[in-house]
Amino acid sequence: MERNRLTYVFAAGVIATGVFLAGGSLAAMESMVGDAVRGKTLYQACQACHSIDDNDLGPRHRGVVGRRAGSVADYSYSKALMTSGLTWDEATLDRWLTNPSALVPGTKMFFQISDAQQRADVIAYLKLQK
């Protein structure tokens, strides 16, 4: 009986450790540090529609971090983005770059970055574009 109890306690400990480690790695992903130098290189893909200083198919990105979504006066945003109530901080940009239309259904943006580190790198670069 004691042996079964010890096996149960050991198994529960292994499961709890696995859950803790999984949660820890998720938290690590959420606080991933971006590399702005790599982000600048990755940003080249964004330049098909965006520029740092000029509106193009997409709005300019200078000052995007901390800006209210849909607020560049001389750009024609979708109504969905203009009324989204979002502010572009790191977490919101990460969600946006993961899947823009999931975050704001009806947006014009369709480009996605599936790799979390690449998103963090691009965001780190954008943070420097004040």
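How many aromatic pairs does the chain hold by the ring-centre rule? The count comes to 3 aromatic pairs, where rings of Phe, Tyr and Trp (its six-membered ring) pair if their centres lie within 6.5 Å, and planes under 30 degrees apart count as stacked, over 60 as edge-to-face and the rest as tilted. The centres of the rings of tyrosine 75 and tyrosine 77 are 4.8 Å apart and their planes stand at 75°, so this pair is edge-to-face. Tyrosine 75 is buried at a relative accessible area of 14%, and tyrosine 77 is buried at 12%; buried means under 20% relative accessible area, exposed over 50%, and partly exposed in between (1.4 Å probe, protein chains only).

The model is predicted, with local features requiring pLDDT of at least 70 and side-chain atom pairs counting only at pLDDT 80 or more, while totals for chains, interfaces and linings use all residues. Residues are numbered from 1 along each chain as its sequence is written, and side-chain values use heavy atoms, with hydrogens and water left out.

The chain has 6 helices and 0 strands, in the sequence pattern α-α-α-α-α-α. Helices (H or I, at least four residues) and strands (E, at least two) are DSSP runs numbered from the N terminus. Of the 130 residues in the chain, 30% are buried. The accessible surface is about 8500 Å², with 59% belonging to carbon and sulfur atoms; accessible areas come from the Shrake-Rupley method with a 1.4 Å probe, and for residues only the protein chains shown count as cover. Among contacts (heavy atoms within 4.5 Å) with a separation of 6 or more, 44% are between residues 24 or more positions apart.

The largest nonpolar core has 22 residues, and those with the most contacts inside it are Leu81, Trp88, Trp96, Leu97 and Leu126. Helix H4 (90-98) and helix H6 (116-127) are the elements that give two or more residues to this core, and H6 gives the most, with 4 residues. A nonpolar core is a set of buried Ala, Val, Leu, Ile, Met, Phe, Trp, Tyr and Cys residues joined through side-chain atoms within 4.5 Å.

Neighbours within four places in sequence aside, leucine 126 is in contact with Tyr43, Ile52, His61, Val64 and Val65. Valine 65 lies in the loop between helix H2 (36-42) and helix H3 (79-82) and counts as partly exposed at 31% relative accessibility. With the corresponding exclusion of neighbours within four places, the contacts of valine 65 are Trp88, Leu93, Leu126 and Lys127. The C-alpha atoms of valine 65 and isoleucine 123 are separated by 8.3 Å, with the two residues 58 apart along the chain.
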